[in-house]
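Please read the following report beside the sequence and the three-dimensional view. It goes through strands, charged pairs and the surface in turn.

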Amino acid sequence: MKYISRCIPMGALPYEDETAIIRMMTKLFVDIPFLPLLPKMEPDNTLFFRTLDKVPGIVMHEKGFSLKPRSKALEAEFAALDKTFNNPSMELLDAYAVESVFMEKYLEIIKKFKPKEACINFLGPFTISQMLNGAADDQLLLDKYYRKIFIQAVCVKALWAIEKVKQYCPTTKLIIIFEEPLLNKFGVLKRENEEVTSELITNLFSRVIEKIHSAGALVAIHCNDKCDWRIPIDAEVDIVSFDAYNNPNSLSIIPEAVENFLAKGGRINWGIVPVMTENMVKTMTIDLVAKRFFATLDSLIKAGVPSNLVYNTASVSLQGDVDKLPLLFSEKALMIEQQLSKKIPLKQ
């Protein structure tokens with residue numbers, strides 16, 4: 001099966017003006033535009049802010065964010081969130097609009113080029129649950145009330161983005177990428193509290209994925225560290241995305257689950273273009289990255305997953321953010337990412 005794009009761009013970029021971003025986007029990513037984080041243009045608009053801004057009960061501060069104490073006024077705000085989640089009209093969703101200095105240009109690019117797919121990143125519900133744990137070390141994930149809020153919070157943001165993209169191009173399918181940097185902590189949580197089970201986390205993801213699927217979008221879950229990928233796979237995520245440069249064998253240990261996932265139409269996004277240091281980007285070439293990438297794919301094949309499934313469902317991305325790199329090197333990484341995506345052969 002041939003996918004529209006073999007590249008899933010994401011992350012933070014070092015640009016300081018819109019013109020340069022538009023030039024890069026229209027040169028490299030017209031077939032799959034993405035909404036980057038731009039810390040040099042709007043330093044406060046982090047992934048946390050993008051996901052939790054305007055969400056009731058959240059207090060934003062210098063160290064991140066926290067939960068407000070329950071109150072009658074807050075209950076009314078939660079009721080409004082619940083109403084929007086269950087009846088996601090644009091009139092209601094606009095209260096939770098995603099803020100970005102590049103949002104309008106991003107939508108105009110989608111309108112002009114009519115790509116089959118586009119991307120936008122949010123913080124995932126599991127990571128949010130861990131970052132918002134109470135002062136008394138309460139595991140809010142075990143509280144049905146708060147689980148519902150985490151699910152609805154990420155969904156209303158995603159639903160707003162989906163409906164907004166449809167307004168500009170009804171045929172573009174949005175990929176909602178949930179970044180879950182704390183998913184690797186699940187094993188520790190499970191050992192500390194037997195009530196934190198894989199079934200609990202799977203259900204958390206399932207409810208979010210089901211809601212986003214109902215709006216006509218795809219869902220990717222991204223985690224750079226080693227984690228139990230059976231959880232998002234069992235939750236019927238569309239795309240598994242990870243740092244394949246540092247953790248190339250993350251999926252080779254569960255070949256049967258991966259084969260079933262890919263056979264059902266799932267996709268794997270391999271974060272294989274290294275961007276950890278300036279020197280690493282300076283010295284890398286497309287040939288070196290391609291050699292490492294195909295060796296990584298072959299390791300999954302050797303583990304038992306059919307080669308046609310591995311190759312035909314693969315896309316690539318950068319290993320991480322490039323906002324701290326000089327612009328010259330960040331653009332080099334972006335170009336190699338795109339070049340690599342065009343080298344992935346289709347297998348019979």
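## Basis of the report

Two strands are said to pair if DSSP finds at least two bridges between them, while helices (H or I, at least four residues) and strands (E, at least two) are DSSP runs numbered from the N terminus. The model is a predicted one, in which local features need pLDDT of at least 70 and side-chain atom pairs count only at pLDDT 80 or more, whereas totals for chains, interfaces and linings use all residues. Residues are numbered from 1 along each chain as its sequence is written, and side-chain values use heavy atoms, with hydrogens and water left out.

## Paired strands

Strand S7 (residues 267-273) pairs with S8 in the parallel sense, over 5 bridges, and within this pairing Gly271 has Ser317 of S8 as its bridge partner. Buried here means under 20% relative accessible area, exposed means over 50%, and partly exposed lies in between (1.4 Å probe, protein chains only). Strand S8 (residues 314-318) has 5 of its 5 residues buried, so S8 is largely enclosed by the rest of the structure.

Strand S3 runs parallel to strand S4 (residues 173-179), and 7 bridges join the two; in this pairing Glu117 stands opposite Lys173 of S4. In S3, 7 of the 7 residues are buried, so this strand too is largely enclosed by the rest of the structure. In a regular strand the side chains alternate between the two faces of the sheet. From S3, Glu117, Cys119, Asn121 and Leu123 point one way, while Ala118, Ile120 and Phe122 point the other way. Leu123 also has a C-alpha atom 6.3 Å from that of Phe48, although Phe48 and Leu123 are 75 residues apart along the chain. Phe48 lies in helix H2 and is partly exposed, with a relative accessible area of 30%.

## Salt bridges

A salt bridge is taken as a side-chain nitrogen of Lys or Arg within 4 Å of a carboxyl oxygen of Asp or Glu, and by this rule the count comes to 8 salt bridges. Which residue meets the side chain of Glu117 in a salt bridge? The partner is Arg267, at 3.0 Å from N to O. The pair links distant parts of the chain, with Arg267 in strand S7 and Glu117 in strand S3 (residues 117-123), 150 residues apart. Arg267 and Glu117 are both buried.

Glu99 and Lys54 form another salt bridge, their closest N and O atoms being 2.8 Å apart. This pair also links distant parts of the chain, 45 residues apart, since Glu99 is in the loop between helix H4 (90-93) and helix H5 (103-113) and Lys54 in the loop between helix H2 (47-52) and strand S1 (58-61). Glu99 counts as partly exposed at 37% relative accessibility, and Lys54 is partly exposed at 33%. Asp53 joins Lys54 and Glu99 in a network of salt bridges.

Within helix H7 (residues 144-168), Lys166 and Glu163 lie 3 residues apart, about one turn of the helix, and they form a salt bridge with closest N and O atoms 3.4 Å apart. Lys166 counts as partly exposed at 32% relative accessibility, as does Glu163 at 23%.

Glu236 is placed in the loop between helix H10 (230-234) and strand S6 (239-242), and at 58% relative accessibility Glu236 counts as exposed.
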